[in-house]
Amino acid sequence: MSDEKKTDEKVPELVAITIDGKSYQAPKGGNLLQFMLGEGLEISYFCWHPGMSVVAVCRQCLVGLKNMAKLVPACQTVIGDGMEVDNSSEKVLDARRQLLEFTLVNHPVDCPICDKAGECVLQKHYMDWDHQPSKIDHPKVHKPKAVDLGPRIVLDDERCILCTRCVRFMREIVGDPQLVIANRGNHAVLTVAPGRRLDHPYSLNTVDICPVGALTDKDFRFKIRVWELSATRSVCNGCATGCRCEVHHRRNRIYRLVPPRYKNHDINESWMCDYGRYTYKAVAADRLTLPRVRGQEGGWDDALGRVADALKKAMGGDRSRIGVALGADATNEDNFIAARLALQFLEGSRLYLAAEPIGSQGDTFLRDNDPNPNRAGAEACGRGKAASAEQLGADLKEGKLDVLLVVGDRLHLDEEAMGKAAALDCFAIQATHPSAAVSKAQVVLPACMWAEVDGTITNRDRKTQRLRAAVAPVDFARPHWEILVQIARRAGLTLDFSSASAVFRAMSEEIELFGGAEWGREIPPQLLRYAGSRG
Amino acid sequence: MSKQVLDRLCQRFPEAVLETHGFRGDETAVVRREEIGAIVRWLRDEPGLEMSMLTDMTAVDFLQQGHDPRFEVVYHLFSVPHKHRLRLKVQVPEQDIQVPSLAGLYKIADWLEREIWDMYGIRFKGHPNLKRILLYEEFVGHPLRKDYPKDRRQPLVRRPENEIAEVLARRGKARSLPTPGGAR
Amino acid sequence: MTTTDRDLEAPDLTTVNMGPSHPAMHGTIHIKVGLEGELIRKAEVNIGYLHRGFEKEAEAHSWQQIFPYTDRLNYVSPMLNNVGYALAVEKLLGITAPERAQYLRVIVGEIARICDHLTYMAAQTMEMGAFTPYFYVMKGRDWLWDLLEEISGARLTHSYVRIGGVAWDLPEGFKEKTLELLPRIDTVVVELDKLMTRNRIFLDRMQNIAVISAEEAVSYGWTGPCLRGSGVDYDVRKTHPYLVYDRMDFEIPIGTDGDNMDRYLVRMEEMRQSARIIRQALEQIPPGPVCTDDKLVVIPRKAATYNTIEEMINHFKLVIDGIRPPVGEVYSYTEAGNGELGFYLVSDGTGRPVKCRVRPPCFMGMAALERMITGHMVADVIPTFDTINMIGGECDR
Amino acid sequence: MGVEFATGKLADAVNWARKFSLFQYPFVTACCGMEYMALWGPRYDVARFGAEFPRFSPRQADMLMVVGTVTERQGPVLKRIYEQITEPKWVISFGVCASSGGFYQNYATMPGIDHIIPVDVYIPGCPPRPEAVLDALIMLQQKIQDGKGWSQRQYWVERERERLGLAPGQSAGG
């Protein structure tokens, strides 16, 4: 459970405080709980969240303060000069134990059937702080179970510990208060406002921040136990925002995307949109698995050979009749190789950029109108020489091209242009899914998707981030850059790169946009089990 | 008892001992890689210490913990006459992955170092024949490194399903086959 | 299988491969000898045919889950490995098992030691061509296995010991059964003694063969019966008494000239001593719990687990996330069938070991085999190899 | 009535003779070897089934008993021994390690010997009790009497090879 302090622009004044007799330099007026977590001190809490208002309803973070008779919740305590905090005395620990005991009084014995079990904060705190047997023999209060709260979310009221994180998220972060706490005392239940459903496009964040298994994701629940999963850090490819996320996978199958928990970084803090979370499904759904030549599935040699031959032939003649289209969905490395192929080795050939047209699906929070994850990076790779897809359509209609090599799935042309393209000497496309262009292309080269490759993409703010391969490529698919390198080799061009990191190195030297970018170290997928709860 | 040994070691090699600690009664000294030969020889021959037995020797890979240097080679010494024990550790960076060999001091060091080479790929300078001992020569990589996948097998006998899969691939059919018993 | 081979090739040497699959190579091992006539001039010992990646598996499992793997290290005396591993983890956690559990560990451990040495006798004699003792020994070992089965439920791979104690208490009437059985085991040993120890052929092949001096044995890191056979007085049970061995009265047999015969005789005597220990332990064993009640180490009872959320969480976290020892490293050592069985554990505070290294006693013996057989007849390879009592699971892990 | 009848009866007689004189080659590698010793011992006397006589030369054996874990390193050895045994030959996979790799699922171990040689009878258990082994022996004898040959996996391999028009591999080694 590694929490990071918010990095404020203005450096706050530091004051000396002591925690358990140890002295620290803490920001004056800062949040005590946040500071303690930042210092890596052991403390339990349920309701506090760095992104939301402080309500101190769970009381789990009680600490003792000097000259204060009663214990106070750390999350509500403002750091003052000379503050003396007691975080480990028997009095404090005992208070926390009693609170946990109360929290557990009405908690159902659900762990074996609870989706949260394994990453449950309640479980974690019980083992870390309480671990004493039950003293209660009263029957538990029963509340509604398996409530269909909305299109994506199921609620189990018995498990809810009423921390109100989800309520605050809906009210404060997305400003659409769909959730409320109703009733009083131990009959208090979480529910939706009358006549409403929990259908907000960001509703799944409530599942993430729920410390227990009260809110669960319909798509994920009962698919797999969380401790079987491994986490790989990556970036969401749903739109141009480039939210950081963790890919949770097992045995080369992806089960969910979640935002990095509690990490307060610039792009998406610890939130993600529901649309982005479900983009993982495309990785497994009807992929192109084998090279195709004129609709006939075949081996790689044949397919690559045809493209290379066509290129060689065209290189001999007028090179302006060769067209290469970068993809706004491919990684920077892929586009860099494609651009280098077009601009250096095929001097004089035409370069285009195939991208999805900007839509209106975006919103003011995270999701962007531009559905292309890597438009900025592709443009940078094209060095401003890449013409638009419309231009490509026009050139096709005017018959300016003989050979067309397209990277990625984002090529959209009207009927006429498509027909022209199909009639070229060689129309090759490196794609992941079937599409109109794929059906027209003479050579189809199956490519890897974002979750299968190492690489970098650049988001709308021109920030370059790292993709990490979470799963193995489906059947015979290969990364775009590798396909291009092999085509080049067969065409007799010396385009020698052996790994994506090598491409990145060359790229960061040549293109100033990537000059500051970092490849980052290789992090092996981390098994969620044993590493401890993500709570 | 072991504590005094540790103290004498620190007195004798003040600059070579980087760090010492005791945990659950195990006294440990982290020493400089270059000095390990001299230190162990001294421990073995010094009257009153005579750590005549190299009980065990192994390595640890701290990749996940993000330690730098990444590897540690651990020696467990035991004195048969005086019955005291001591643990020595040397740190091995990934870039320059080699340690002086103790094969000249203890006969058993020969095989133990071969095993460490086999499992972790740590070279031992001056070892008579540093080759694989538990695995076969055809094996690529070093399995106990944390970045070696647990179940990446390197069969010596070709499996029938592999042959079948290759044929299918050549003919451009999908690769994933249903295999009874599962072709892993 | 006889083939000539390059790296042992010398003008006057014939190279003979013994193993990997060879009648006398119990467990698979490959010895390549360069012969001059029947004399062994060169030898090369290849182990590792049973390397099953124990340490890699251990790094992928929680601390409790490793017990079944330890069973299969020295699979002739699994209980001793269980005990050794449990003690190592307890040292790491800084806890000790209740007294009764310690006595139980001694009892099952010594029974396992007798099994170990009996099996050694069987292999030793059978592979030298004497088949009769084999049946005597198997008879006795099956009796002992019945005892262990009554305790643990398994004939061979028991996984009876737990971190913080043992799985459950002794079954009804175990003490009586054992006390009634031990004399029968003694008779088995006596029969074996009569059959072999003064047998002319046996002596010829055992005496003054593969002599190892004390210095050499120590330098090879030998422990256990082999080291004691060379006349070095080192037994972990005496020098660093663990469990309750300091309350037991037993002797450590020591050899004189360190040849095959001594290693054989030491084991012969150790069986009698183990029987003594078992008798004393059964007399002294106190009543009480057989496992600690530390919530962070021992899973709660099933009834409580299924009915209260607290115990459910406790059980759940112990099973899924495992025991969480403090950050640190320990080397713990016990006297197993073949000598000092050491466990070097490194913990980073999570539920899985960073490193779980086994110090295999017979690995050291095998390292010396090359030196032992060189200069002897090819027929001496088998008895010499047997006296090391190499156990594949332990040597190759 | 006639030749077929006679030959049929002859085959039965031959099978009957074979099933009670199994000369085994014990490929003993690991823990299961302990139970294998017990199997020979006085209590579970395997001699009662005519299979007590171990032949340590494959050329004289007709039943290969793979006892214990087979590692990748042992693969070639095992395969060679299997190929040296003369027809007719049968294979018993003794214990889960030999049958499926057991709980050793890592770089070193083979996930079941049936990846390289065909198997007639699999014995579960880690290690299997001698009773289970005797039961397996009886099953094998029945199989021999019925003149039945290969394991299900072997059928699968051969079917695949046939479907692809490969040369029929007499052993699963391909």
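Student: How many residues of domain 1 of chain B are in contact with domain 2 of chain B?
Tutor: This is a predicted model. Contact here means C-beta atoms within 7 Å. Domain 2 of chain B brings 4 residues to the contact, and domain 1 of chain B brings 6 residues.

Student: Which classes make up the side of domain 1 of chain B that touches domain 2 of chain B?
Tutor: Sort that side by class. It has no polar residues. What it does have is 3 nonpolar and 3 charged residues.

Student: Now the chain pairs. Which two chains have the most contacts between them?
Tutor: There are 5 pairs of chains that touch. Chains A and D are not joined by any contact, and their closest C-alpha atoms lie 14 Å apart. Among the pairs that touch, the most contacts are between chains C and D.

Student: Which element gives the most to the side of chain D that touches chain C?
Tutor: On this interface, 29 residues of chain D are in contact with 28 residues of chain C. Elements of chain D giving two or more residues are β1 (24-28), α2 (32-40) and α3 (75-84). With 5 residues, the top contributor is α2(D).

Student: How many residues on that side of chain D are nonpolar?
Tutor: Divide the side of chain D that touches chain C by class. The charged residues number 4 and the polar ones 8. The nonpolar residues number 17.

Student: What is the radius of gyration of chain C?
Tutor: Chain C has 16 helices and 8 strands. For 397 residues the globule rule gives 21 Å, and chain C comes close to that, so it is as compact as a globular protein of that length. Its radius of gyration is 22 Å.

Student: What percentage of the residues in chain C are buried?
Tutor: Start with the contacts in chain C at a separation of 6 or more: 70% of them join residues 24 or more positions apart. The C-alpha atoms of chain C fill a box of roughly 75 × 45 × 35 Å along the principal axes. Of the 397 residues in chain C, the buried share is 60%.

Terms used. Residues are numbered from 1 along each chain as its sequence is written. Chains are lettered from A and ligands numbered from 1 in the order in which they are written. This is a predicted model: local features need pLDDT of at least 70, side-chain atom pairs count only at pLDDT 80 or more; totals for chains, interfaces and linings use all residues. Helices (H or I, at least four residues) and strands (E, at least two) are DSSP runs, numbered from the N terminus. Ala, Val, Leu, Ile, Met, Phe, Trp, Tyr, Cys and Pro count as nonpolar, Asp, Glu, Lys and Arg as charged, and the others, Gly among them, as polar. The radius of gyration is taken over C-alpha atoms; the globule rule is 2.2 Å times the number of residues to the power 0.38. A residue is buried if 20 or more other C-beta atoms lie within 10 Å of its own, exposed if 12 or fewer, and partly exposed in between; C-beta atoms are placed from the backbone.
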